[in-house]
Amino acid sequence: MNWNKIYALSLRHIYLIKGSFPRILDLIYWPTIQIFLWGFISKFFTLSSSYYNNTVGIILSAAILYDFLFRSSISYNMMFLEEIWSRNFTNLFIAPLKLSEIIAALTFTAIFRTLIGLVPAALIAIPLFGVSIFKIGTPLIFLLLALYIFGVTLGLLVTSGLIRFGPSFENIAWASLFFLAPLGCIYYPIEILPEWLQIISKLLPLVHIFEEMRNILIYNIINYVQIFKAIFISNLYFIFGVLVFYRSYEGAKNRGTLINMGE
Amino acid sequence: MKLEVLNLSKKFNNVLAVKNINFSIEKNKTLGLLGPNGCGKTTSIGMMLGLITPSSGKIFIDNKILNSTNRINLLSMMNFASPYIELPKKLTVFQNLNVYARLYGVKKVKQRIEELTENLNLNEFLNKKTGELSSGQKNRVSLAKSLINKPKLLFLDEPTASLDPDVGDFVRKYLENYKSENELTMLLASHNMKEVERLCDNVVMMKKGEIVDKGTCKELIKKHGRDNLEETFLKIARSKDELE
């Protein structure tokens with residue numbers, strides 16, 4: 001074996017990692033998030049193992065709703081990434097399109113991609129595990145709406161990063177959702193988090209959405225104020241996402257990255 | 001459409017990519033934008049397409065300044081083709097042209113697609129995925145996309161790069177015919193000097209972000225005492241190296 005050649009080949013990847021902050025972040029990110037998420041889940045089950053005793057399927061319902069959020073965000077990112085991968089990016093941005101039209105098109109199309117993923121999963125869960133998210137009833141529509149708006153917002157923020165940093169930001173696109181999983185209190189109540197993290201968590205719509213889902217499924221209590229609070233917070237994030245997207249677009253025009261973005 | 005570029009500059013960080021360039025293209029004329037790689041042609045085209053914000057200077061299209069207010073309106077009358085940008089590979093030729101026809105607000109979409117695909121010999125590939133086409137076929141699809149909205153101002157960046165002589169000649173002939181039958185102002189960036197001599201009324205020579213010479217092909221050839229545009233290009237491109 002020629003160690004020089006092995007070194008040269010390793011060097012090729014080291015250069016790639018060294019030259020890209022998103023790649024370094026990606027390497028640090030996953031183990032950290034896994035430790036946080038499973039640490040809190042373990043803590044919850046250690047302290048309150050009887051919490052879910054009488055209610056089958058809370059975890060699965062949470063997983064389905066979380067997947068809905070995941071799919072809506074990833075669908076948004078995927079559609080944008082496809083334009084970059086296919087080198088169609090410049091064609092789009094020289095077409096007489098307003099940015100608001102691009103955002104609207106991605107937002108509306110993302111729902112189809114999301115539902116294609118969600119509906120079969122939700123239906124399969126019924127005969128397979130006896131769990132139906134439809135048991136949530138009418139509030140499910142509002143919970144999904146809040147999740148969708150927030151998912152699209154995350155998509156918008158990642159898309160802004162893609163415009164700003166180029167395709168190397170792609171890794172962040174895949175990772176963005178997992179960042180919020182520990183803070184979103186998807187599988188456990190907010191009380192399980194340290195107090196300082198609870199303050200941050202409450203700023204996210206996810207806590208309110210998943211707390212409400214549990215309240216409905218476990219206690220049969222519907223609190224529309226909390227649900228609409230979640231929609232309101234999601235909308236605030238959406239407005240923030242739109243502003244960031246516009247700013248990134250202007251930045252990209254200044255840096256000239258719109259004309260040569262590709263694989 | 002008339003295109004006018006006034007004192008246009010672009011600075012990336014501390015590097016001046018385009019330095020104070022001035023030129024204009026009269027309605028229905030073709031201008032060749034020439035220069036060695038990295039001389040600022042693509043950046044200049046990017047600014048004229050509204051994809052890059054100039055550091056200073058102005059661009060007028062039919063005496064209207066290109067800015068964020070009227071960009072959309074002006075873009076609907078412009079288009080661009082380059083072998084360095086592509087159409088989605090997984091969509092068929094028809095699907096791609098259909099999408100862009102709608103993005104550009106073309107009224108009779110099907111009729112326009114039929115016209116273009118027939119003239120560009122693309123009929124038999126209409127239902128084929130764009131990614132499965134040869135580079136010559138892709139090039140013609142890209143050209144069809146760039147003409148889908150019957151642009152009044154067309155930017156072409158090396159339209160025949162990497163094409164065999166036969167397809168290259170077909171594209172040049174097509175552009176000549178199209179221009180004779182339609183109202184079209186063209187800016188052509190090319191490294192093929194024979195193509196430039198054949199298609200362009202005027203030429204602008206760029207080097208290191210600046211315009212170093214301009215005129216008709218014949219004027220430039222005569223001025224630099226060369227036999228053809230290729231030799232003239234080489235003389236201008238290497239002029240500083242010779243001095244050094």
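## Contact between chains B and A

In this predicted model, 20 residues of chain B are in contact with 17 residues of chain A, two residues being in contact if their C-beta atoms, placed from the backbone, lie within 7 Å. Helix 1 (41-48), helix 2 (71-75) and helix 3 of chain B are the elements that give two or more residues to this side of chain B. The largest share, 3 residues, comes from helix 1 of chain B. By type, the side of chain B that touches chain A divides into 13 nonpolar, 5 polar and 2 charged residues.

The model is predicted, with local features needing pLDDT of at least 70 and side-chain atom pairs counting only at pLDDT 80 or more, while totals for chains, interfaces and linings use all residues. Residues are numbered from 1 along each chain as its sequence is written, and chains are lettered from A in the order in which they are written.

## Helices 3 and 4 of chain B

The axes of helix 3 (residues 93-103) and helix 4 (residues 109-119) of chain B come within 10 Å and cross at roughly 125 degrees.

B:Phe94, B:Leu97, B:Asn98, B:Ala101 and B:Arg102 in helix 3 meet B:Val109, B:Arg112 and B:Ile113 in helix 4. These contact residues divide into 5 nonpolar, 1 polar and 2 charged.

## Positive phi in loops

A:Arg87, which is not a glycine, has a positive phi of about 60 degrees. A:Arg87 is placed in the loop between helix 3 (58-85) and helix 4 (89-94) of chain A.

Key. Axes fitted to C-alpha atoms, helices over the stretch in contact; angles between N-to-C directions. Helix = DSSP H or I, 4+ residues; strand = E, 2+ residues; numbered from the N terminus. Nonpolar A, V, L, I, M, F, W, Y, C, P; charged D, E, K, R; others polar.
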